[in-house]
Amino acid sequence: MRQEQAPVTATIQPPPQQISVSPPPAPPETKTNKLGLCQSELASLKQIKPKAYAAKKAHFDRLLSNASVYSAVRSDVNLQTKDTLDALYKYKTNQLCADIEREVLQGLLQRGESVK
């Protein structure tokens, strides 16, 4: 006696689609928090390296003063000028904050290394 075998069926599924997910844009308070952190590190630098603090503080104040002037006239300038100056002030701010962060780190490392 021969048993009948059930027919074999296969289901072919298409390959899964790749979905790229980009992170949501940073909330506006992130900019403020980043600048606030930079100001906090600048205040820390006053205790760690007072001479470096004086120079960075003067630079920080000039940058904020110039950005304030730009902010006052920003709505009156063309889009290309806005794009250029927005990028400039973002770059200058990031550069200064990175310099402050580096000074704080170096100052703390020097103090740590001096402990014997």
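**Exercise 1. Aromatic pairs**

Task: In this predicted model, how many aromatic pairs does the rule count, and which geometry class applies to the rings of Y70 and Y89?

Solution: 
1. The count comes to one aromatic pair.
2. Its rings belong to Y70 and Y89, with centres 5.6 Å apart. The cut-off for pairing is 6.5 Å.
3. The ring planes meet at 20°. Planes under 30 degrees apart count as stacked. The pair of Y70 and Y89 is therefore stacked.

**Exercise 2. Setting of the tyrosines**

Task: Where in the chain do Y70 and Y89 sit, and are they buried or exposed?

Solution: 
1. Y70 belongs to helix α2, residues 50-73.
2. Y89 belongs to helix α3.
3. Y70 and Y89 are both buried.

**Exercise 3. The disulfide**

Task: Find the disulfide that C38 forms and give its handedness.

Solution: 
1. Searching the whole structure gives one disulfide.
2. C38 is bonded to C97, with 2.1 Å between the sulfur atoms. That is within the 2.5 Å cut-off.
3. The angle about the S-S bond is -105°, and the link of C38 and C97 is left-handed.
4. C38 lies in helix α1 (residues 28-48), while C97 lies in helix α3 (residues 79-113). The pair therefore ties together parts 59 residues apart in sequence.

**Exercise 4. Burial of the cysteines**

Task: Classify C38 and C97 by relative accessibility.

Solution: 
1. Buried means under 20%.
2. C38 has 2% relative accessibility, so C38 counts as buried.
3. C97 has 13%, so C97 also counts as buried.

Key. Residues are numbered from 1 along each chain as its sequence is written. This is a predicted model: local features need pLDDT of at least 70, side-chain atom pairs count only at pLDDT 80 or more; totals for chains, interfaces and linings use all residues. Side-chain values use heavy atoms; hydrogens and water are left out. Helices (H or I, at least four residues) and strands (E, at least two) are DSSP runs, numbered from the N terminus. Buried means under 20% relative accessible area, exposed over 50%, partly exposed in between (1.4 Å probe, protein chains only). Rings of Phe, Tyr and Trp (its six-membered ring) pair if their centres lie within 6.5 Å; planes under 30 degrees apart count as stacked, over 60 as edge-to-face and the rest as tilted.
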